[in-house]
Amino acid sequence: MFCKNEEFRIPISEGITEIPSMLILFACLLRCGQYELQNSIKHVRAFWLAAVLVFFTVIRRELNYLPDLFVPSDFMLLSHSYNWWEDAVLTVAYLLTVGLLAYSRHYLWAVLNKVPVALYLTVAALALLQYMGENAIVFPEALGVIVEELAETAVYGIALVYLWRFNLSDYDSYMLHEPNYECSHSNH
């Protein structure tokens with residue numbers, strides 16, 4: 001079965017399997033935004049803003065069919081197509097993310113060091129399973145799409161559980177011992 005908008009077709013089964021992923025991703029984005037707003041240390045806020053941008057770009061990647069549904073193929077703005085504008089915005093988001101993570105590298109390192117190795121291994125195994133499903137390696141193509149979506153959903157679910165259980169106060173003492181931290185309300 002397919003949804004149809006003129007010449008563009010989306011398999012309904014793929015759309016249905018993506019709904020839980022999208023809900024989880026939006027919850028992750030909102031949780032990261034909440035953490036960003038709750039903190040007054042610039043490095044920590046930069047980290048959580050980078051996390052918001054990461055989830056924004058992942059959501060955009062997951063909704064890759066929306067422009068085909070809503071943007072006319074002949075769309076032009078300032079002599080550039082929609083695809084050019086989308087690429088430009090996403091490139092800026094990627095560069096901002098990298099810059100913010102570099103700025104908050106001490107906090108990033110503290111967070112990454114506290115993640116259990118088993119969690120890294122689980123996510124790596126799910127990423128491999130997702131790749132195999134997407135490229136029909138070992139799985140038939142029809143089953144591969146479902147395996148891909150389920151693996152992605154599992155990774156996003158792990159991220160949401162981790163974010164929900166994350167305790168900002170566990171890292172406050174670490175940042176207070178950092179020699180170069182600054183509060184966003186300081187007069188520098």
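Helices here are DSSP runs of H or I with at least four residues, strands are runs of E with at least two, and both are numbered from the N terminus.

**Entry 1: ground rules**

I am working with a predicted model, in which local features need pLDDT of at least 70, side-chain atom pairs count only at pLDDT 80 or more, and totals for chains, interfaces and linings use all residues. I number residues from 1 along each chain as its sequence is written, and side-chain values use heavy atoms, with hydrogens and water left out.

**Entry 2: the whole chain**

I looked up the elements and found eight helices and four strands in the protein chain. Read from the N terminus on, their order is β-β-α-α-α-β-β-α-α-α-α-α.

Next I checked burial (buried is under 20% relative accessible area, exposed over 50%, partly exposed in between, with a 1.4 Å probe and protein chains only). Of the 188 residues in the protein chain, 35% are buried.

Then I turned to contacts, meaning heavy atoms within 4.5 Å. Among contacts in the protein chain with a separation of 6 or more, 71% join residues 24 or more positions apart.

**Entry 3: the loop between H6 and H7**

I went to the loop between helix H6 (117-134) and helix H7 (141-165), where Ala136 is found. Ala136 is not a glycine, yet its phi is positive, about 55°. I note Ala136 as partly exposed because its relative accessibility is 36%.

Val138 lies in the loop between H6 and H7 too. Its phi is also positive, near 75°, in a residue other than glycine. With 70% relative accessibility, Val138 counts as exposed.

**Entry 4: helix H2 by itself**

I looked at H2, which has 21 residues and reaches 30 Å from its first C-alpha to its last, close to the 30 Å expected at 1.5 Å a residue. That expected span is 1.5 Å times one less than the number of residues. H2 is mostly covered, with 15 of its 21 residues buried.

**Entry 5: H2 against H5**

How do helix H2 (residues 42-62) and helix H5 (residues 105-114) cross, and within what distance do their axes come? I find the axes within 8 Å, crossing at roughly 65°. That makes H2 roughly perpendicular to H5. I keep the cut-offs handy: under 35 degrees is roughly parallel, over 145 roughly antiparallel, 65 to 115 roughly perpendicular, and the rest oblique. The axes are lines fitted to C-alpha atoms, for helices over the stretch in contact, with angles from 0 to 180 degrees between N-to-C directions.

The crossing of H2 past H5 is right-handed; the term means that the near helix is turned clockwise from the far one by less than a right angle, and left-handed means anticlockwise. Val44, Phe47 and Trp48 in H2 meet Tyr107, Leu108 and Val111 in H5. I sorted the residues of this contact into six nonpolar, no polar and no charged.

Ser104 counts as buried because its relative accessibility is 0%. Leaving out residues up to four places away in sequence, Ser104 touches His43, Ala46 and Phe47.

**Entry 6: H2 against H7**

Here the axes come within 14 Å and cross at roughly 160°, so H2 and H7 are roughly antiparallel to each other. Their crossing is left-handed. Trp48, Phe55, Val58, Arg61 and Glu62 in H2 meet Glu149, Glu152, Tyr156, Ala159 and Leu163 in H7. This contact of H2 with H7 divides into six nonpolar residues, no polar and four charged.

Notes:
Nonpolar A, V, L, I, M, F, W, Y, C, P; charged D, E, K, R; others polar.
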